[in-house]
Amino acid sequence: MQAAPVRATAIPSFTDALRAVESLLLSSGQRTARRNAWTSVLEDRRRAKDRVETQRAVEQSFATHL
């Protein structure tokens, strides 16, 4: 009985598979625009989180000084 052959290549991640499909369906300009838009979404989320944390800190500061 022989051992099963070892797979030499890694199985691509779901993200890698999506990027491959994206590269087949979209032109490079569209890919760039899509990635830029996603980067903007992530940055907006980060700023919103920062605003919430700052608001909580300000409210706590006022509550302790009253």
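The exercises below work through the helices, their contact and the salt bridges of a predicted model.

Residues are numbered from 1 along each chain as its sequence is written, and side-chain values use heavy atoms, with hydrogens and water left out. Because this is a predicted model, local features need pLDDT of at least 70 and side-chain atom pairs count only at pLDDT 80 or more, while totals for chains, interfaces and linings use all residues.

**Exercise 1. Describe the secondary structure and the surface of the protein.**

Step 1. The protein has two helices and zero strands, where helices (H or I, at least four residues) and strands (E, at least two) are DSSP runs numbered from the N terminus.

Step 2. Of the 66 residues in the protein, 3% are buried; buried means under 20% relative accessible area, exposed over 50%, and partly exposed in between, with a 1.4 Å probe and protein chains only.

Step 3. The accessible surface comes to about 6400 Å², and carbon and sulfur atoms account for 60% of that surface; such areas come from the Shrake-Rupley method with a 1.4 Å probe, and for residues only the protein chains shown count as cover.

**Exercise 2. Determine how helices H1 and H2 are oriented and which residues meet.**

Step 1. The axes of H1 (residues 14–25) and H2 (residues 28–65) come within 9 Å and cross at roughly 135°; axes are lines fitted to C-alpha atoms, for helices over the stretch in contact, and angles run from 0 to 180 degrees between N-to-C directions.

Step 2. H1 and H2 are therefore oblique to each other, since angles under 35 degrees count as roughly parallel, over 145 as roughly antiparallel, 65 to 115 as roughly perpendicular and the rest as oblique.

Step 3. On the H1 side Arg19, Glu22 and Ser23 meet Arg31, Arg34 and Arg35 of H2, contact meaning heavy atoms within 4.5 Å.

Step 4. By class, this contact has no nonpolar, one polar and five charged residues; Ala, Val, Leu, Ile, Met, Phe, Trp, Tyr, Cys and Pro count as nonpolar, Asp, Glu, Lys and Arg as charged, and the others, Gly among them, as polar.

**Exercise 3. Trace the network of salt bridges that includes Arg46.**

Step 1. The structure holds four salt bridges, each being a side-chain nitrogen of Lys or Arg within 4 Å of a carboxyl oxygen of Asp or Glu.

Step 2. Arg46 pairs with Glu43, their closest N and O atoms being 2.5 Å apart; because these residues are three apart in helix H2, about one helical turn separates Arg46 and Glu43.

Step 3. Asp50 also forms a salt bridge with Arg46, with closest N and O atoms 2.5 Å apart, and Asp50 and Arg46 lie four residues apart in H2, about one turn of the helix.

Step 4. Between Asp44 and Arg47 there is a salt bridge whose closest N and O atoms are 2.3 Å apart.
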